[in-house]
Amino acid sequence: MTRHTSSDSFSTPTRNWIGLGGWELYFLGKPALLWGGYLNYHPLANLVFAAFLLFPLSTTTPMRRARSLIALPIGIGLFYHDTWLPGFESIVSQGGQVFSFTADYWLELFERFINWEMVGVGFVMLTTYLFLAQWLRFTPWVLVALLWLWFSPQLSSVLPGMNAQASSVATQPVKRVAEHESGTGELEQQLDQSAPPTSANLNTYLNDFYLEERGRETRFPQQLPAKATPFDVLVINICSLAWSDVEASGLLEHPVWRHFDLMFDSFNSATSYSGPASIRLLRASCGQPSHQDLYLAAPKQCLLMEQLAQLGFEKQVAMDHSGGFGNYLKELKELVALDIEPMSREGLPHDLASFDGEPIYRDDALFARWLQKRSQSQADRNATFFNLIALHDGNRYAKNRQPAPYKARLRTLLDQLDHFLSELERSGRKVMVVVVPEHGAALTGDRMQMSGLRDIPSPAITRIPVGVAFIGTQAPHEPTRHIPGESSYLAISDLVAKTLASDLFGMPTIDWNGLINNLPKTPMVSENQGTVVVHYQDDYQIKLGQGDWVPYPQ
């Protein structure tokens with residue numbers, strides 16, 4: 001009797017082992033998405049979830065039913081965790097704004113979200129699975145795959161002689177070395193990238209980057225040179241324009257580019273959202289802060305427009321929108337002292353409406369009004385910050401509410417900018433025009449983000465076309481000079497300071513080498529709330545939230 005009871009107690013668990021059932025397709029689909037670069041896969045979490053589904057329970061139906069009910073939200077949450085979709089921090093920070101989207105824009109986003117190629121692949125996988133499941137048990141193969149995905153990264157640390165050299169330097173701190181003298185006359189520090197791209201080393205590299213940036217600053221002249229020729233400074237901040245968008249639209253040869261005396265080959269916007277981008281631009285006179293520090297009070301010597309105002313420039317703001325969405329204008333007033341009312345848009349025509357239904361006024365009309373107001377002003381010097389959103393995702397034609405294609409909007413904007421620069425030349429005004437987009441439009445998208453999604457500041461979004469045109473100089477216009485190397489906002493501030501310290505507009509020739517040599521270089525580090533991307537050893541690495549660093553999928 002005792003022997004019979006003991007035998008039953010040991011054999012009962014065996015009879016309660018069951019397979020993964022329909023979850024097999026869930027676990028089989030993830031490696032396929034991982035192979036395609038569509039997942040930020042977490043092997044151990046998936047292995048633990050599979051163990052939870054397989055753990056033998058009593059044959060009573062309520063316990064298994066309860067497990068099935070618990071497993072469904074866990075499976076959905078784990079799948080979301082494995083994707084590149086925005087994290088919880090980003091959703092919280094942006095969540096209040098999405099409720100202002102129009103129904104048309106929501107529908108457009110939903111249509112973009114569906115990847116029909118992946119839908120087709122999924123259908124083929126489902127059909128193949130249902131067919132083979134008549135003869136094969138997939139659960140053992142799923143477990144083998146999960147174990148391999150978890151265990152294989154550990155092999156390099158347990159196999160003798162493998163990556164021995166890398167292991168010996170993996171914990172070395174990232175060192176800083178002086179590379180050259182910056183345009184401000186100080187030794188500019190560059191971070192060494194010789195250590196292997198482990199999570200520990202990349203965290204150290206990022207911390208050292210921000211530490212170095214805290215010590216960088218553009219020194220503006222205390223006063224303008226005696227008898228210096230007065231000129232204006234126009235900073236044109238354009239939403240949703242990156243080199244990748246220009247290329248995808250076939251407008252790399254547009255005539256507007258020939259207006260610029262200087263073009264940056266690899267300028268990093270450091271973010272992929274409008275508010276942070278404009279704040280970074282208007283704080284250009286100090287090094288690049290982290291996203292978190294961006295919302296702390298900045299010293300006055302960091303504020304580009306404030307420094308110009310102290311040197312006698314009349315401050316002005318002009319926008320083709322109200323600045324209400326996302327508290328954009330309110331943030332600029334609070335964080336970068338842009339405490340002046342924008343130029344009036346009353347009576348300006350508008351052909352476009354934004355994704356929240358607000359009118360977007362024509363930029364050619366905005367430029368023309370600024371030029372008219374400027375000709376009526378008695379100020380010797382003017383510094384104007386333009387912000388233009390005609391290229392923002394989701395904009396529609398105002399008359400029929402139909403989506404306005406990006407390429408058509410970009411061509412129109414470049415035509416209008418080209419015309420404005422030509423009008424400035426004809427007007428005889430002396431103007432330093434700095435065109436700095438906020439970020440790209442993510443027009444083509446990639447494996448991590450669909451078209452239009454900018455939660456992750458990918459290099460395709462943050463590499464923007466930045467150009468500087470000196471209009472009205474005595475020296476004749478020459479072919480565009482290109483500034484190589486990774487740069488960011490500090491280089492713009494440095495250029496403005498150098499121009500102010502010289503009499504560039506009053507000289508018959510321009511010392512281009514003195515102007516552009518030794519401009520500050522800034523390594524490519526881009527950050528949104530909860531997401532960081534760095535350029536490290538010729539590759540891009542990404543970190544989501546508190547997770548590990550992983551290579552950016554190409």
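Trp141 is exposed, at a relative accessible area of 61%; exposed stands for over 50% relative accessible area, buried for under 20%, and partly exposed for what lies in between (1.4 Å probe, protein chains only). The residue belongs to helix 8 (residues 139-151). Helices (H or I, at least four residues) and strands (E, at least two) are DSSP runs numbered from the N terminus. Between Trp141 and Glu24 there are 117 residues of separation along the chain, and their C-alpha atoms are separated by 9.4 Å.

The model is predicted: local features need pLDDT of at least 70, side-chain atom pairs count only at pLDDT 80 or more, and totals for chains, interfaces and linings use all residues. Residues are numbered from 1 along each chain as its sequence is written, and side-chain values use heavy atoms, with hydrogens and water left out.

Gln193 sits in the loop between strand 2 (187-191) and helix 11 (199-214). With a relative accessible area of 23%, Gln193 is partly exposed. Apart from neighbours within four places in sequence, Gln193 is in contact with Tyr205, His535, Tyr536 and Gln537, where contact means heavy atoms within 4.5 Å. Gln193 and Tyr536 are 343 residues apart in sequence, yet the C-alpha to C-alpha distance is 6.5 Å.

## Overall composition

The protein has 20 helices and 17 strands. Of its 554 residues, 48% are buried. Contacts between residues at least 6 apart in sequence include 75% that join residues at least 24 apart.

The accessible surface comes to about 26900 Å², and carbon and sulfur atoms account for 59% of that area. Areas come from the Shrake-Rupley method with a 1.4 Å probe; for residues, only the protein chains shown count as cover.

Helix 13 is mostly covered, with nine of its nine residues buried. These are Ser274, Gly275, Pro276, Ala277, Ser278, Ile279, Arg280, Leu281 and Leu282.

Helix 16 (residues 363-376) has 14 residues and reaches 20 Å from its first C-alpha to its last, close to the 20 Å expected at 1.5 Å a residue. The expected span of a helix is 1.5 Å times one less than its number of residues. The buried residues in helix 16 are Asp363, Ala365, Leu366, Phe367, Arg369, Trp370, Leu371 and Arg374. Their cover includes strand 3 (232-238), strand 5 (314-319), strand 7 (359-361), strand 8 (382-388) and helix 17 (406-427).

Helix 19 is largely enclosed by the rest of the structure, because 12 of its 13 residues are buried. The buried set runs through Tyr489, Leu490, Ala491, Ile492, Ser493, Asp494, Leu495, Val496, Ala497, Lys498, Thr499 and Leu500. The end C-alpha atoms of helix 19 are 19 Å apart, which agrees with the 18 Å that its 13 residues should span at 1.5 Å a residue.

## Cavities

Rolling a probe the size of a water molecule over the atoms shows where empty space is left. A search of the whole structure finds five cavities of 30 Å³ or more. A cavity is a set of points, on a 1 Å grid over the protein atoms alone, where a 1.4 Å probe fits but cannot get out; lining residues have an atom within 4 Å of a point. Grid points are joined across faces, edges and corners, and a volume is the space filled by probe spheres set on the points.

The largest cavity has a volume of about 90 Å³. Its lining has 14 residues, with Cys286, Gly287, Gln288, Pro289 and Tyr489 lying nearest the centre. Helix 13 (274-282) and helix 19 (489-501) each supply at least two residues of this lining. By class, the lining residues of the largest cavity are seven nonpolar, four polar and three charged. Nonpolar covers Ala, Val, Leu, Ile, Met, Phe, Trp, Tyr, Cys and Pro; charged covers Asp, Glu, Lys and Arg; the others, Gly among them, count as polar.

The second largest cavity holds about 60 Å³ of space. Residues lining the second largest cavity include Leu224, Pro225, Phe231, Arg381, Leu500 and Phe505. This lining has eight nonpolar, two polar and two charged residues.

## Positive phi angles

Most residues other than glycine have a negative phi. Ala270 has a phi near 70°, a positive value in a residue other than glycine. Ala270 is in the loop between strand 4 (262-268) and helix 13, and counts as buried at 0% relative accessibility.

Ala442 also has a positive phi, near 55°. Ala442 lies in the loop between strand 10 (431-437) and helix 18 (459-462). At 8% relative accessibility, Ala442 is buried.

Note on methods: On a 1 Å grid over the protein atoms alone, a cavity is a set of points where a 1.4 Å probe fits but cannot get out, and a pocket is an open set with protein on both sides within 12 Å along at least five of seven lines; lining residues have an atom within 4 Å of a point.
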